[in-house]
Amino acid sequence: MDLTSTYEALSAIPAQDLSFWQDFFMKFYRAFIESSRWQQYIEGVGTTLLVTAMALVLGIVLGIVVAMIRTAHDQQRPGHHNPILFILNLICKIYVTIIRGTPMMVQLLIMGLVIFANSRNFTMVGALTLGINSGAYVAEIIRGGLMSVDKGQMEAGRSLGLNYIQTMRFIVVPQAIKAILPALGNEFIVLLKDTSLITVIGGKELLYAARGIMNRTYEQMLPLLGTAAIYLVLVMIFSWLLGILERRLRQSDRR
């Protein structure tokens, strides 16, 4: 007897007469199998990964730019103050302060219901918001890593005839990456899980799919547990890949 036949047979039995496992099977079937609902979870995972990737790229780009500006400002020689760099640094500080000082949920609601109130592409609005939010945290992580590199490394690069950008690219940044990689990995994991928040503005990701199934089956436990399990698997895969990268960087140090 296949799953569908078993479900149909159990459906003829009054709910109060079902055993625990029979009742569990009924709920499981409605949550994942009936009407091919498992496909909705797959589609939700695809959207979640797409949003994460877009937000990740935006967050890294913003983070690098902000970190470079703030580091360049902080590392100016005594008595040498660039007014343009001062203004850019002030803008970056305001950006980081506002983003880190306000809740992600509030930022999503402002972007979805105020700034992009006329947009119907809530998923992309959510990705943009997540990227802007992540950029502030990535900027501070990168800036901390850059500032942790001994100042003598910068002076050594400049003495070799390299300009500021070249020194940062070839000498300072490679050393800083190894120090900040665990913190960046943790931030990216948080970003992956935060994609579930875009459902509050109508973003169609994994949790959105689960909520749609919950509204049709009137069963909350299994769709939510299934969603949690999927997020757990994604985080474990990401952590595994990050661990491989960290090991390779350590091996390159030994060489």
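## About the model

Because this is a predicted model, local features need pLDDT of at least 70 and side-chain atom pairs count only at pLDDT 80 or more, while totals for chains, interfaces and linings use all residues. Residues are numbered from 1 along each chain as its sequence is written, and side-chain values use heavy atoms, leaving out hydrogens and water.

## Where α5 meets α6

Let's start with α5 (residues 104-115) and α6 (residues 122-148), whose axes come within 10 Å and cross at roughly 135 degrees (axes are lines fitted to C-alpha atoms over the stretch in contact, with angles from 0 to 180 degrees between N-to-C directions; helices are DSSP runs of H or I, at least four residues).

On the α5 side, M104, Q107, L108, M111 and G112 make the contact, including with F122 and L130 of α6 (heavy atoms within 4.5 Å).

## The largest nonpolar core

This core has 13 residues, and A31, F32, Y41 and L206 touch the most other members (core residues are buried Ala, Val, Leu, Ile, Met, Phe, Trp, Tyr and Cys joined through side-chain atoms within 4.5 Å; buried means under 20% relative accessible area, exposed over 50%, with a 1.4 Å probe and protein chains only). The largest share, four residues, comes from α10.

## Two loop residues

Most residues other than glycine have a negative phi. S35, in the loop between α2 and α3, has a positive phi of about 60 degrees and is exposed at 62% relative accessible area. Y218 lies in the loop between α9 and α10; Y218 also has a positive phi of about 60 degrees and counts as exposed at 70%.
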